Amino acid sequence: MAGRTPSQTVGPFFSEALRWKDGGKVRLAGEGESVVLVGRITDGAGAPVADALVETWQAFPEGPAVAEGNPRGFARVETGPDGMFRIETRMPPGKAPCLDVTLFARGLLRALRTRVYFAPESAVRSDPLLASIASSPRVATLVARREGAEYRWNVRLQGEGETVFFAA
Amino acid sequence: MNDLTRPDNVDPPYLFEGYRSTRLRAPQQALLALPPGALDMPGPRVPARFVRDSDNDLTTRAKGHPLGEKMIVSGRILDESGRAVGRSLVEIWQANSAGRYDHPSDTHEAPLDPNFTGIGRAFTDDDGWYRFVTIKPGAYPWGNHKFAWRPQHIHFSLLGNAPIQRLVTQMYFPGDPLLPIDPVYNSVPDERARTRMIASLALENGIEGIALGYRFDIVLAGVSATPLGI
């Protein structure tokens, strides 16, 4: 076994390098209900995190391989000065549809991993992935709330209402 | 402790007192342990034309040549079992030779270089090899503590071939006197793991009379032989 290379912070100066054209518009083949995910990332003092990078992945996107542009099923966006991000995709499949989320930021020496669900909280609590916290009020931190045409999901890195992050 | 499923002391903790920005951003609750293999799935496949052949040469973006010490960094990307991570996206960014990023948030009083953006992209080949032509970045001060200067470094972002391989790290240079006092570098608990972030001088990777060569290999997490869902 070769030893892994350690993680280091993405720092404050990544955005020019890691910004992808249309990075917030997920490419998927076929039809489906469109989903607009909007959220704000805040720190332990409740202040917006204006220099985070948000990536989402919905596994097994269908369709033939593409030759140019962004990969299917994947989004990458940075937060704005108000800590907000916005991702346009289509509803993932399953009883508890979700996106896998990875967060990078200055001050995060390692990425944070979590999930956002587009389903009623009861359905989310039944996800086997969350079995060990199925009855915890913290499950609510993983559920996006429908607000008009958008789904709203805020991420709290630390403190009251802290989002559930995964050990992975 | 808010960490870790991997008890190998390779990755830094979220809270590291010496790095001030971690204090309000590190989670305080225990991380949720997932069933083994739960996130073991294939990742995004980046289209071939996402990267142009010239994207790995940071010295040819403008009419003129950037200032500084021309260098080539190349290496292999492997997983923990030694398998090549082929055809995967590598993105880098760095300060110019004066220690200034071409980024609106960098207010360091060092000059921008009109011939250097400090941004590059490459795919690994089937054997996991990548290569960048660039300029050795300068050290620069930051506000973390009194007389704080970051050692010279190049940021690396690796997509790997699976979400669990996703890694953002930094490459450092051998013999840098700032390394022993840099909190970001020293946030890695295991000393041997720390030194894996330091490139080695590899003259034969350079171009005679033109560019100094460095070798930087990167090891990503292993993907289990039978990922769920395949």
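In the predicted model, 66 residues of chain B are in contact with 54 residues of chain A, two residues being in contact if their C-beta atoms, placed from the backbone, lie within 7 Å. On the side of chain B that touches chain A, two or more residues each come from strands E1 (32-33), E3 (89-94), E8 (153-158), E9 (167-172) and E12 (218-220) and from helix H2 (191-195) of chain B. Helices (H or I, at least four residues) and strands (E, at least two) are DSSP runs, numbered from the N terminus. E9(B) provides the largest share of this side, four residues. By class, this side of chain B has 38 nonpolar, 16 polar and twelve charged residues; Ala, Val, Leu, Ile, Met, Phe, Trp, Tyr, Cys and Pro count as nonpolar, Asp, Glu, Lys and Arg as charged, and the others, Gly among them, as polar.

Residues are numbered from 1 along each chain as its sequence is written, while chains are lettered from A and ligands numbered from 1 in the order in which they are written. Local features need pLDDT of at least 70 and side-chain atom pairs count only at pLDDT 80 or more, whereas totals for chains, interfaces and linings use all residues.

Strand pairing also links the chains. Strand E10 (residues 166-167) of chain A runs parallel to E1(B) and is joined to it by two bridges; two strands pair if DSSP finds at least two bridges between them. Here A:Phe166 stands opposite B:Leu32. Within chain B, four strands form an open sheet in the order E4-E3-E8-E9, with antiparallel pairing. Its edge strands, E4 (119-123) and E9, each pair on one side only. The twist averages 20° from one strand to the next, with axes as lines fitted to C-alpha atoms (for helices over the stretch in contact) and angles running from 0 to 180 degrees between N-to-C directions. Five bridges connect E3(B) and E8(B) in the antiparallel sense, and B:Val90 has B:Leu158 as its bridge partner in E8(B).

A:Phe13 lies in the segment before helix H1 (15-18) of chain A. This residue counts as buried because it has 21 C-beta neighbours inside 10 Å; the limits are 20 or more other C-beta atoms within 10 Å for buried, 12 or fewer for exposed, and partly exposed in between. Beyond neighbours within four places in sequence, A:Phe13 is in contact with B:Trp93, B:Tyr101, B:His103, B:Ser105 and B:Asp106.
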